[in-house]
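Here are a few exercises to work through with the model open beside you. Try each task before reading its solution.

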Amino acid sequence: MVETKYSFGKPSLMKAIEPGQKAEIKFLDKPKTVDTEWGQKYIVDISLLSHPLYSITSSKGIKMSWQTSAKVLKDVADLLEEGNKEFLKDYYDRTWELSVAEDGSYWLNS
């Protein structure tokens, strides 16, 4: 298989998961804030490894952007800003499970 040397474009936005569902992701960059028609949200590029609404055949996943107002991503952004080197390494190296509880709250576990 030939490695991509150049890649241009903007990643698609990941579709939301419903309560009781899970997705697996790897972070590719740090979250940033963006203004949307629904207010300020966080956005971060991810490699989507599993998701109930996508058929993912590559072990590298699909490059996507996760855009959300969920508090969990704000908490992650705040922790990254603190400069904790151990967390920063884990943030990029680990696979994260994203889930939505029945009450609609988002959880990240690794």
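**Exercise 1. Ser99**

Does Ser99 count as buried or exposed, and what is its relative accessibility? Then place Ser99 in its strand and list its contacts.

Solution. This is a predicted model, so every value here is computed from predicted coordinates.
- Step 1: The relative accessibility of Ser99 is 12%. Buried means under 20%, so Ser99 counts as buried.
- Step 2: Ser99 belongs to strand β6, which covers residues 96-100.
- Step 3: Once neighbours within four places in sequence are set aside, the contacts of Ser99 are Ile17, Gln21, Lys22, Ser105, Tyr106 and Trp107.
- Step 4: For a residue elsewhere in the chain, take Thr33: it is 66 residues from Ser99 along the chain, and the two C-alpha atoms are 21 Å apart.

**Exercise 2. Ser65**

Find the strand that holds Ser65, and work out whether this serine is buried or exposed.

Solution. 
- Step 1: Ser65 sits in strand β5.
- Step 2: With a relative accessibility of 5%, Ser65 counts as buried.
- Step 3: Ile46 is 19 residues away from Ser65 in sequence, yet their C-alpha atoms are 5.8 Å apart in space.
- Step 4: Neighbours within four places aside, Ser65 touches Pro11, Ser12, Leu13 and Met14, and also Ile43, Val44 and Asp45.

**Exercise 3. The largest nonpolar core**

How many residues does the largest nonpolar core have, and which of them have the most contacts inside it?

Solution. 
- Step 1: The core has 23 residues, and those with the most contacts inside it are Ile25, Phe27, Ile46, Trp66 and Leu108.
- Step 2: At least two residues of this core come from each of β2 (22-27), β4 (39-50), β5 (62-68), α1 (71-81), α2 (85-93) and β6.
- Step 3: The largest share, five residues, is supplied by α1.
- Step 4: As background, nonpolar side chains tend to be buried together in soluble globular proteins.
- Step 5: Now look at Phe27: beyond four places in sequence, its contacts are Val44, Asp45, Ile46, Trp66, Leu73, Tyr91, Tyr92, Trp96 and Leu108.

**Exercise 4. Two helices**

Describe how α1 and α2 pack, and name the residues that meet.

Solution. 
- Step 1: From α1 come Val76, Leu79 and Leu80, which meet Phe87, Leu88 and Tyr91 of α2.
- Step 2: Sorted by type, the residues of this contact are six nonpolar, no polar and no charged.

**Exercise 5. Aromatic pairs**

How many aromatic pairs are there, and what geometry do Phe27 and Trp96 adopt?

Solution. 
- Step 1: Counting rings whose centres lie within 6.5 Å, there are six aromatic pairs.
- Step 2: Phe27 and Trp96 are edge-to-face, at 6.0 Å centre to centre with 65° between the planes.
- Step 3: Phe27 is in strand β2 and Trp96 in strand β6, so this pair ties together parts 69 residues apart in sequence.
- Step 4: Phe87 and Trp96 also form an edge-to-face pair, with 6.2 Å between centres and 70° between planes.
- Step 5: Phe27 and Trp96 are both buried, Trp96 at 10% relative accessibility. Phe87 is buried too, with a relative accessible area of 15%.
- Step 6: To finish, join the ring pairs: they link Phe27, Phe87, Tyr91, Tyr92 and Trp96 into a cluster.

Conventions: Residues are numbered from 1 along each chain as its sequence is written. This is a predicted model: local features need pLDDT of at least 70, side-chain atom pairs count only at pLDDT 80 or more; totals for chains, interfaces and linings use all residues. Side-chain values use heavy atoms; hydrogens and water are left out. Helices (H or I, at least four residues) and strands (E, at least two) are DSSP runs, numbered from the N terminus. Buried means under 20% relative accessible area, exposed over 50%, partly exposed in between (1.4 Å probe, protein chains only). Contact means heavy atoms within 4.5 Å. A nonpolar core is a set of buried Ala, Val, Leu, Ile, Met, Phe, Trp, Tyr and Cys residues joined through side-chain atoms within 4.5 Å. Axes are lines fitted to C-alpha atoms, for helices over the stretch in contact, and angles run from 0 to 180 degrees between N-to-C directions. Ala, Val, Leu, Ile, Met, Phe, Trp, Tyr, Cys and Pro count as nonpolar, Asp, Glu, Lys and Arg as charged, and the others, Gly among them, as polar. Rings of Phe, Tyr and Trp (its six-membered ring) pair if their centres lie within 6.5 Å; planes under 30 degrees apart count as stacked, over 60 as edge-to-face and the rest as tilted.
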